[in-house]
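Work through the exercises below with the sequence and the structure at hand. Each task is followed by a solution in steps.

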Amino acid sequence: MTNPMSSGRQTPGLPTPPKGWPIGSYSTYAEAQRAVDYLSDENFTVQDVTIVGVDLMQVERVIGRLTWGKVIGGGIVSGAWLGLFFGLLVSLVVSGNPFVPILFGLVGGVVFGVISTTIPYAATRGQRDFASTMQLVAGRYDVLCDPKSAEKARDMLARLNP
């Protein structure tokens, strides 16, 4: 019995598993990208090719220790930029002294920046006294190709990596 709610069509924008035959496997994304670029340079139909990251890992790289001084300083700088931007925008449409909206924007931005950085930092209660960046990386990168042209692509990549 078929599902009456299913029309057999793919919903646009939803993730779908990759399809195709493997034509190469690489330890870095740069190597997989180089392989696809080589195929493109050789006038291969690269629309049939997909790069798939396998064994995904979320990597958090610690970039430094956080202190109250760094948190407040970062809030001042980011708030000042935001306030300066809004102050400049307002000064374009307000008659009179254009420096008044810039000054108010700058002061308001600094206050907003300090508040918006110190409250979340205080909420951690010392449980996260470091700054970091997050990255999604794969253990390997497989290059897949549509079965109709996979053999040709595999032969071409063999010439790239003798």
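**Exercise 1. Ser149 and its contacts**

Task: Leaving out residues up to four places away in sequence, state which residues Ser149 touches, then place Ser149 in the chain.

Solution. 
Step 1. Apart from residues up to four places away in sequence, Ser149 touches Phe44 and Asp48. The model is a predicted one.
Step 2. Ser149 sits in the loop between β3 and α4 (150–160).
Step 3. The relative accessibility of Ser149 is 12%. Buried means under 20%, so Ser149 counts as buried.

**Exercise 2. Salt bridges**

Task: Find how many salt bridges the whole structure has, then examine individual pairs and the accessibility of their members.

Solution. 
Step 1. Searching the whole structure gives five salt bridges. As background, side chains of opposite charge can pair when their charged atoms come close.
Step 2. One of the pairs is Glu60 with Arg128, whose side chains meet at 2.5 Å, N to O. Glu60 is in strand β2 and Arg128 in the loop between α3 and β3 (130–145), so this pair ties together parts that are 68 residues apart in sequence.
Step 3. Glu60 counts as partly exposed at 34% relative accessibility, and Arg128 counts as partly exposed at 35%.
Step 4. Another salt bridge joins the side chains of Asp142 and Arg140, at 3.0 Å, N to O. Asp142 counts as buried at 12% relative accessibility, whereas Arg140 is partly exposed with a relative accessible area of 33%.
Step 5. Lys148 forms a salt bridge with Asp146, and their closest N and O atoms are 3.8 Å apart. Lys148 is exposed, with a relative accessible area of 66%, while Asp146 is partly exposed, at 28%.
Step 6. Asp48 from Exercise 2 returns here: a network of salt bridges links Asp48, Asp146 and Lys148.

**Exercise 3. Leu39**

Task: State where Leu39 is placed, and say which residues it touches beyond four places in sequence.

Solution. 
Step 1. Leu39 is in helix α1.
Step 2. Its relative accessibility is 0%, so Leu39 counts as buried.
Step 3. Not counting residues up to four places away in sequence, Leu39 touches Ile23, Phe44, Val46, Val49, Ala153, Met156 and Leu157.
Step 4. Take Ala153 from that list. Leu39 and Ala153 are separated by 114 residues in sequence and by 7.3 Å in space, C-alpha to C-alpha.

**Exercise 4. Positive phi**

Task: For Asn43 and Asp55, give the phi angle, the location and the accessibility.

Solution. 
Step 1. Asn43 is not a glycine, yet has a positive phi of about 65°. Asn43 lies in the loop between α1 and β2 and is exposed, with a relative accessible area of 69%.
Step 2. Asp55, also not a glycine, has a positive phi of about 60°. Asp55 is in strand β2 and is exposed, with a relative accessible area of 52%. The limit for exposed is over 50%.

**Exercise 5. Two helices**

Task: Describe how α2 and α3 pack, giving the axis distance and the crossing angle.

Solution. 
Step 1. Two packed helices are described by the angle between their axes and the distance between the axes.
Step 2. Helix α2 (residues 68–93) and helix α3 (residues 99–123) have axes that come within 6 Å and cross at roughly 145°.
Step 3. The crossing of α2 past α3 is right-handed. The contact of α2 with α3 contains 17 nonpolar residues, 10 polar residues and no charged residues.

How values were computed. Residues are numbered from 1 along each chain as its sequence is written. This is a predicted model: local features need pLDDT of at least 70, side-chain atom pairs count only at pLDDT 80 or more; totals for chains, interfaces and linings use all residues. Side-chain values use heavy atoms; hydrogens and water are left out. Axes are lines fitted to C-alpha atoms, for helices over the stretch in contact, and angles run from 0 to 180 degrees between N-to-C directions. Helices (H or I, at least four residues) and strands (E, at least two) are DSSP runs, numbered from the N terminus. A crossing is left-handed if the near helix is turned anticlockwise from the far one by less than a right angle, and right-handed if clockwise. Ala, Val, Leu, Ile, Met, Phe, Trp, Tyr, Cys and Pro count as nonpolar, Asp, Glu, Lys and Arg as charged, and the others, Gly among them, as polar. Buried means under 20% relative accessible area, exposed over 50%, partly exposed in between (1.4 Å probe, protein chains only). Contact means heavy atoms within 4.5 Å. A salt bridge is a side-chain nitrogen of Lys or Arg within 4 Å of a carboxyl oxygen of Asp or Glu.
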